[in-house]
Amino acid sequence: KRSCDPAVFTNQVSCTKDTRCQWVSGNNGSVCAPRPCTIHSGERCCDAEADCHWDISVAPAQCSLKYCATMNGDQQKCSSDAECEYKTTENRCVEKECKELDQCGCRKDGDCYWNTDKQLCSCRGTGSARRWTWWC
């Protein structure tokens, strides 16, 4: 059987027990469908897609939609989130780059560090560890 098959997952409870599935409401009723990005079964293909990242916070690891990408199409919600910015030319919500964060935002982001000499936020390198809890 294929993942999120509406013939198998006929209600919201059974559908959402599978982390790769979501219950989607539409004009023709509700149905179980794959979450965005979960079509990728490997890290390399997952990370190659702009809105996806390899999520190791769940077991087994899976390809998931990036935090800011969950707000694609909602410019107001995206712009009000300190970690995100809306790219109007692409109609997408993306993570701010480290250099765009203030000191507090920088310290909350596991991919960034505050350079005290230059008084700016810099990138630690590549990675997907986000949403660290720091209190400013």
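Student: How many disulfides does a search of the whole structure find?

Tutor: The search finds 8 disulfides, a disulfide being a pair of cysteine sulfur atoms within 2.5 Å. The model is predicted, local features need pLDDT of at least 70, side-chain atom pairs count only at pLDDT 80 or more, and totals for chains, interfaces and linings use all residues. Residues are numbered from 1 along each chain as its sequence is written, and side-chain values use heavy atoms, with hydrogens and water left out.

Student: What makes Cys15 and Cys32 a disulfide?

Tutor: Their S to S distance is 2.2 Å, and the cut-off is within 2.5 Å, so the pair qualifies.

Student: Why is the disulfide of Cys15 and Cys32 called right-handed?

Tutor: Because the torsion about its S-S bond is about 80 degrees. Cys15 lies in helix 1 (residues 12-16) and Cys32 in strand 2 (residues 29-34), so the pair ties together parts that are 17 residues apart in sequence. Helices (H or I, at least four residues) and strands (E, at least two) are DSSP runs, numbered from the N terminus.

Student: Why does Cys78 count as buried?

Tutor: Buried means under 20% relative accessible area, exposed over 50%, and partly exposed in between, with a 1.4 Å probe and protein chains only. Cys78 has 0% relative accessibility, so Cys78 counts as buried. Cys93, at 1%, counts as buried too.

Student: What joins Cys78 and Cys93?

Tutor: A disulfide, with the sulfur atoms 2.1 Å apart. Cys78 lies in helix 3 (residues 75-79) and Cys93 in strand 6 (residues 92-95), so this link ties together parts that are 15 residues apart in sequence.

Student: Why is the disulfide of Cys98 and Cys112 left-handed?

Tutor: Because the torsion about the S-S bond is about -80 degrees. The sulfur atoms of Cys98 and Cys112 are 1.9 Å apart. Cys98 sits in the loop between strand 6 and helix 4 (103-108), and Cys112 in strand 7 (residues 112-115), 14 residues apart. Both Cys98 and Cys112 are buried.
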